[in-house]
Amino acid sequence: MPHLSLQYSANLRGKVDFTELCLKLRDAVLGTGLFEIGAIRVRAFEASAWAVADALPENGFVDMSFRIGKGRSQEEKKRAGEAIFSTATNAMSRLLETQNFALSLEIREIESTLSWKKNAMHDRLRKQ
């Protein structure tokens, strides 16, 4: 259950290709070797209202939340986080050179007894 959600300030629209970024991040998650391809989800949501730091209108952010099921070691989780954060950092290096951008990532483990899923893609993808 690797689900990576990005929330970003609307002032980044046109400055970042979020579809391309989602694909790069999907590849980074897959490249860790820790997750099945059929379970990976990466999505981005625009925040139409935001206030960051000193509230300058050019201040922007991308906040990433990576939700995963239990069962991975601390080292594996750290490796996944570093792969995701490195990919995002490289993709948004221009923004990080400004004094008006913040990038963050948090990994959250989901309690399996409180998570329900059905995924019809697994059968197809596991046969490939």
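User: In what order do the four strands form the open sheet?

Analyst: This is a predicted model. Its four strands form an open sheet in the order β2-β1-β3-β4, with mixed pairing. The strands at the edges are β2 and β4, each of which pairs on one side only. Direction ignored, neighbouring strands of the sheet are turned by 15 degrees against each other on average.

User: In which sense do β1 and β2 pair, parallel or antiparallel?

Analyst: β1 and β2 pair in the parallel sense, over seven bridges. Within this part of the sheet, L6 stands opposite A44 in β2.

User: Which strands does α1 touch where it packs on the sheet?

Analyst: α1 touches β1, β2 and β3, and its direction makes about 145 degrees with that of β2. The other helix to look at is α2, which lies across β1, β3 and β4 and runs at about 155 degrees to β4.

User: How many residues does the largest nonpolar core have?

Analyst: The largest nonpolar core has 23 residues. Those with the most contacts inside it are L25, F35, V62, M64, F66 and M92. At least two residues of this core come from each of β1, α1, β3, α2 and β4. To follow one member, take M64: leaving aside neighbours within four places in sequence, its contacts include L4, L25, I84, F85 and L103.

User: How many aromatic pairs does a search of the whole structure find?

Analyst: The search finds two aromatic pairs. Y8 and F18 form one that is stacked, at 3.6 Å centre to centre with 15 degrees between the planes. Because Y8 lies in strand β1 and F18 in helix α1, this pair ties together parts that are 10 residues apart in sequence. Y8 and F18 are both buried. F35 and F66 form an aromatic pair that is edge-to-face, at 5.6 Å centre to centre with 85 degrees between the planes. This pair links distant parts of the chain, with F35 in the loop between α1 and β2 and F66 in strand β3, 31 residues apart.

User: Why does F35 count as buried?

Analyst: Buried means under 20% relative accessible area. F35 counts as buried because its relative accessibility is 7%. F66 is at 1%, so F66 counts as buried too.

User: Where is S5 found, and which residues does S5 touch?

Analyst: S5 is found in strand β1, which spans residues 3–9. S5 counts as buried because its relative accessibility is 18%. Not counting residues up to four places away in sequence, S5 touches R43, F45, D63, M64 and S65.

Note on methods:
Residues are numbered from 1 along each chain as its sequence is written. This is a predicted model: local features need pLDDT of at least 70, side-chain atom pairs count only at pLDDT 80 or more; totals for chains, interfaces and linings use all residues. Side-chain values use heavy atoms; hydrogens and water are left out. Buried means under 20% relative accessible area, exposed over 50%, partly exposed in between (1.4 Å probe, protein chains only). Contact means heavy atoms within 4.5 Å. A nonpolar core is a set of buried Ala, Val, Leu, Ile, Met, Phe, Trp, Tyr and Cys residues joined through side-chain atoms within 4.5 Å. Rings of Phe, Tyr and Trp (its six-membered ring) pair if their centres lie within 6.5 Å; planes under 30 degrees apart count as stacked, over 60 as edge-to-face and the rest as tilted. Two strands pair if DSSP finds at least two bridges between them. Axes are lines fitted to C-alpha atoms, for helices over the stretch in contact, and angles run from 0 to 180 degrees between N-to-C directions.
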